[in-house]
Amino acid sequence: MYISQPMSWHKVSADSDEEYHSTANEASVGSAPETASDDIEKAVAEAGDLTTEPMAFLQGLNSGNLMQFSQQSVLREMILQDLQAQVSTLPKLEKHNNGGYNFSFELVEPPKSDWTISKALNKLYIRMNKVFNVDIQFKARMPIQPLNLRVFLCFVKDVSGPVLRCQNHLSVEPLTDTNEKERENLLRCGNPNTIYCGTAQGKGISERYSVLIPLNVSRSGGRNGGGLVRQTLAFNFVCQNSCFGRKESCLVFCLENASGDIVGQDFLNVKVCTCPKRDHKQEERQKNVMKRKMHATDTEEDDAEDHPSKSRRLTESMHIKEETESNDSFNTTHRGLPHNWDVSATDNGKYQLSITVPNKEWLLDSIEGMIKEAATQVLRSPNKDRLRSYAQSLLKLKKRAYELP
C-alpha cells in the first residue's frame, strides 16, 4: 500500500493527471528509500573517501531527492566539528600514512657540518642558528590537490606543554609590524612561502607555534621516481634545549591537505646544543651501556630459570655466610676494645676519645673533620668564647700532628 504525499487541488488536463500520479508514486514512502539509497551510494563513489575528503562528499549529494536542506546542514555541521576537533587535538609522537601518500623525510649529513644525525636514536644534534636541510618525499595522487607541511617542536614527555623561546634570545631580535609570529617561533624555515602560526597558549596542533609550508605537488621525481614528489626544505633553531630546562624535544612533521586533515606524519628527536658531535657520542654510548646491562639482567634471569636448584643453593649459602660474618663482627665489637682505645664522659658533660690510627693521613683527616665542625659552630654562635677556644685548640693539635714523623 502506498500513501501519496498531500498536495493542493488544481484543475489540470489529462496529461497533467498522468504526470501527477507518476510523480506522486515516485515520491511515495515505499519507493523513496530505494532510490535515495542508490543515489547515496553513487554520490559516495563519485565523491571519494569520506574520511579523507569530507567536503567533497557533501558536494556530490543531490539535494533534490536525497534529504532535506536541514538534514544536509546537520551533517555538514557534524563534519566541520569533527575537523575542528581533529586539528585541535594534542600531538602524538607517531609515524603514520593515513592518507596513502607514503610520506617520509630524510636528512643527509654533509661533511664538516654543524650538525649530526644519530640513526640509532632517531635524533638530530645541531647548534643554534645553523641550517639543516630536510628532503620531504610523498606519493603523487590523482586528482592532485594542494598539500601543506606543518612542522613544530614538541616535548617528548609533555606533549601538551608549548615550546617557547627564552627571553634572552627573544630580546635581541627586534619586533616589527610583520614579524611578530616569526619572532615568537623557535623554529624557522627558509622557504619564502612559509606561514608562521600559533600562539604562546596554544596546545593543539593547529594552535601551537608552528611553520606551515605550501608544497609544490607538481615536482615529480622523474621517470625513476615511482610517482614520488621530492622537495628540500631548510630549517634552523633560534634557541637551545638549555633555554627550556634541557627537556627532551622532538620535531613533528605533519602532511596536511587543504581541509587541514593530517594525511601523513613523522617525527625526529632533536637536541640543540653547543657540542653536537660530543653529545651524539655520549648519548649513543649511554644507550649501548644500558643495552648491555639489560642483556646481562635477562641472561641472569634465564640462568636462574634454567637452574633453579643451583641458584637457590647459591643464594642460601650467601645468606648463611652473611649471617656468620655479621655475627662474628658483632661478637668482635662487643668482646672488647683494643687496649689503647677508649671513650668516656667527663664530669662537665663533655666526652673524651682515644684511638690509634694506622697512618698520619688518617690522623690529619680526623682532626680536620673536627676543625670544620668547630668552625661551623663558631659561625652560628660567634659570641661563645668556649667554642672559639675549642677551635683554636684543634688548630694547635693539627699543627702538632703535622710535626710528627
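User: In which sense do strand S3 and S11 pair, and over how many bridges?

Analyst: This is a predicted model. Strand S3 (residues 123–126) pairs with S11 in the parallel sense, and four bridges join them.

User: Which way does strand S10 run relative to S11, and how many bridges join them?

Analyst: S10 (residues 249–257) and S11 run antiparallel, with eight bridges between them. Cys250 has Asn269 of S11 as its bridge partner, and Leu251 has Leu268. The two strands form a hairpin with four residues between them, where Gly260 takes a positive phi near 90°.

User: What pairs with S10 in strand S5?

Analyst: Strand S5 (residues 147–155) pairs with S10 in the antiparallel sense, over nine bridges. Leu149 is the residue that stands opposite Leu255 of S10.

User: How do I read burial along a strand? Is S10 enclosed or open?

Analyst: Count the buried residues, taking buried as under 20% relative accessible area. In S10, nine of the nine residues are buried, so the strand is largely enclosed by the rest of the structure. Then look at each side in turn. Ser249, Leu251, Phe253, Leu255 and Asn257 are buried on one side of S10, and Cys250, Val252, Cys254 and Glu256 are buried on the other, so both faces are covered. For S11 (residues 262–272), ten of the eleven residues are buried, so this strand too is largely enclosed by the rest of the structure.

User: What is the strand order in the open sheet of four strands?

Analyst: The order is S1-S4-S9-S6, and the pairing is antiparallel. Strand S1 (104–106) and strand S6 (187–189) are at the edges with a single partner strand each, so one side of each has no neighbour in the sheet. On average, neighbouring strands of this sheet are turned by 35° against each other, direction ignored. S1 and strand S4 (residues 132–139) pair over three bridges. Within that pairing, Glu106 has Asp135 in S4 as its bridge partner.

User: How is a pair of aromatic rings described, and how many aromatic pairs are there?

Analyst: Two values describe such a pair: the distance of the centres and the angle of the planes. The count here comes to five aromatic pairs. One of them is Phe132 with Phe237, which is stacked, at 5.5 Å centre to centre and 15° between the planes. Phe132 lies in strand S4 and Phe237 in strand S9 (residues 228–237), so the pair ties together parts that are 105 residues apart in sequence. Phe132 is buried at 1% relative accessible area, and Phe237 is buried at 0%. Ring pairs also link Phe105, Phe132, Phe235, Phe237 and Phe253 into a cluster.

User: Which residues lie over the face of Tyr101 and of Phe155?

Analyst: Here the value to read is the distance from the ring centre. Arg141 lies over the face of Tyr101 at 5.2 Å from the ring centre. Lys247 lies over the face of Phe155, at 4.8 Å.

User: Where is His280 placed, and is His280 buried or exposed?

Analyst: His280 is in helix H7 (residues 276–306). His280 counts as buried, at 12% relative accessibility. To see what surrounds a residue, set aside its neighbours within four places in sequence; His280 is then in contact with Thr116, Ile117, Ser118 and Tyr125.

How values were computed. Residues are numbered from 1 along each chain as its sequence is written. This is a predicted model: local features need pLDDT of at least 70, side-chain atom pairs count only at pLDDT 80 or more; totals for chains, interfaces and linings use all residues. Side-chain values use heavy atoms; hydrogens and water are left out. Two strands pair if DSSP finds at least two bridges between them. Axes are lines fitted to C-alpha atoms, for helices over the stretch in contact, and angles run from 0 to 180 degrees between N-to-C directions. Rings of Phe, Tyr and Trp (its six-membered ring) pair if their centres lie within 6.5 Å; planes under 30 degrees apart count as stacked, over 60 as edge-to-face and the rest as tilted. Buried means under 20% relative accessible area, exposed over 50%, partly exposed in between (1.4 Å probe, protein chains only). A charge sits over a ring if NZ of Lys or CZ of Arg is within 6 Å of the ring centre and within 35 degrees of the ring normal. Contact means heavy atoms within 4.5 Å.
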